[in-house]
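Have the sequence and the 3D view ready as you read.

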Amino acid sequence: MGHVIGIDLGTTYSCIACLEGGRPLVIPNVEGLPTTPSVVSFTGSGERLVGTLAMRQAATNSANTFYAVKRLIGQKFNSPEIQEAQKRLPYKLKEAPNGDVHVVLGSKTLSPPEISSMVLGYLKSCAESFFGEPVSDAVITVPAHFNDAQRQATKDAATICGLEVQRVINEPTAAGLAYGLDTKKNGLAAVFDLGGGTFDITILEFSDGVFHVLATNGDSYLGGEDFDNRILEWLYEDFLTETKIDLSADKLALQRVKEAAEKAKRELSFTMETEINLPFISSDKASSKHIRKVLSRQTLEAMTGDLVERTVPRIEQALADARLSPDRIAHVILVGGQTRMPLVQQRVTEFFGRKPEEHVNPDEIVAMGAAIQSGILDGQIRDLVLLLDVTPFALGIETEGDGYERIIERNMTLPTHKVKAFTTVEHNQRRVRIHVLQGEGFLASMNKSLAVFELVGIEPAPAGVPQIDVTFEINADGLARVSAKDKETGLEQKVEVRPSSGLLPTEVEEMRRRQTGREVIKLGPNG
Ligand code: AMP
């Protein structure tokens, strides 16, 4: 086996790491930087750019520059989240034939895993130039709150760029692993992870090399971008009032405002006041128009305080699931760039009654944890390290009248499985249909549809006689599998699983061939 890398595929930035002499080491990208923007752009001549170069295209080539694709991965086009995201994204989204969301590139569409695979492919090539050798395997991280479809889609993205995924692990768990292994401290820890697009809270226990995740919770739609959008809205409204010019139709101007908003937000983590200066942002018949505004930390905090507050019920739920009170937590670890905001740090300190740990680099710790996990898997890390993660959601099936029966509860230690017996409701029924769902909603329609499961070829018998054992399992990657056995015949029956979303294995393979063969994607006349 070649080198194994740990990858933190972030919404806004990604990071890679490896193990060097049993210690995690961040691998710089080809520009020598520890993190790479998770951005892919296609120029007019069909050239594909990734990372910093792609990000520079965001203002001038916004329709063909894809960022924050992690927010789209594993999602249905019609979901409220995608409908909301669409309003803000400068590139177009389209519904795929299976209902998934795709991005529009000229006359073509691309799936989110395909775009993410280009970011991963770039990171893989950075690691290859670092080692001077091919890289074949990776441990990849996902937000703890990613559902099955989002996890599978992330794994597909890695496969498309030619990486073998050894394990998918949760980002906060990876951070906990890196922190715990580094400090060798025992006790209870809370990992508060607020990145560019997602929020996760994980409660875990370190005890002599065993890392046991007790509970996890989060919000897949809360992250740094929401903070940027608040500043953007403020600038937009103010400009509209002052000039009567609506910037929403001007993608280039909006992108400039968005970038300035993010920059101002970052600066306000270190200063009390900053100036936002955007000359020639628009014009009317009379003159050119500019944006020049002073934003204070206090105003930013007033604009975004509710976003910070949205994390609190999630922390409370995770602690309740772990049957712990905040004062039992001995270490608070902050992960994700947005935790640099002083208001976030203040609120977390207030909640737990203790200051977060220092000397943790929130941009790098997740990739370092992924590299450690690769070392545990291939035996490079020999101290007894056992990582016990949990399921982020319940798994169950649809029952009569939009009912939902939970089979596996959330926060069960992974891997886990449960067998449930089913029977028929009609005489001589030859098949049963099982709709597998993931989520916490009490009605079937409130949960994520994973698969429609059909067991065919049941022996003819009166209703209620056949005994069908259906096994529900969640593997160490957090991915669900379902299989069935007809007890009457004793044979494992052939089961049809029709995935409700995502790419088919044949599509993943086709994309892998295209991508590793470096086919150039040509843009259509509009591209
Ligand atoms: P991540 O996904 O962990 O890379 O987090 C990226 C998010 O962190 C983006 O929304 C950034 O704008 C945000 N971020 C990075 N640095 C800072 C900072 N100094 N203050 C506030 N937010 C930041």
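Predicted model: local features only at pLDDT ≥ 70, side-chain atom pairs only at ≥ 80, totals over all residues.

## Finding the ligand

## Who surrounds it

The shell around the ligand is made of 15 residues. Among them, Thr12, Gly196, Glu262, Lys265 and Ser269 are the closest. What kinds of residue make up this shell? Sorted by class, there are 8 polar, 5 charged and 2 nonpolar residues.

Domain 1 (4-221 + 323-389) and domain 2 (224-305) each contribute at least three residues to the shell. Two helices to highlight in your viewer are α6 (224-243) and α7 (251-267), each of which supplies at least two shell residues. Which element gives the most to the shell? That is α7, with 3 residues.

## Polar contacts and cover

Now zoom in on single atoms. Threonine 12 has a polar side-chain atom 3.4 Å from an oxygen atom of the ligand. Serine 269 also uses a polar side-chain atom, which lies 2.6 Å from a nitrogen atom of the ligand. With glutamine 338, the backbone takes part: one of its N or O atoms lies 3.0 Å from an oxygen atom of the ligand.

How much of the ligand does the protein cover? On its own, the ligand has 500 Å² of accessible area, and the protein covers 92% of that.

Aspartate 402 is not a glycine, yet it has a positive phi of about 60 degrees. You will find aspartate 402 in the loop between β20 (395-399) and β21.

Is the peptide bond from leucine 414 to proline 415 cis or trans? This bond is cis, and its omega is near -15 degrees. Proline 415 belongs to the loop between β21 (403-408) and β22 (416-422).

Terms used: Residues numbered from 1 in each chain as written. Heavy atoms only, no water. Near = heavy atom within 4 Å. Polar contact = N/O pair within 3.5 Å; in protein donor to acceptor, adjacent residues only side chain to side chain. Areas by Shrake-Rupley, 256 points an atom, 1.4 Å probe, with all protein chains shown as cover. Helix = DSSP H or I, 4+ residues; strand = E, 2+ residues; numbered from the N terminus. Nonpolar A, V, L, I, M, F, W, Y, C, P; charged D, E, K, R; others polar. Domains from an automatic or database assignment.
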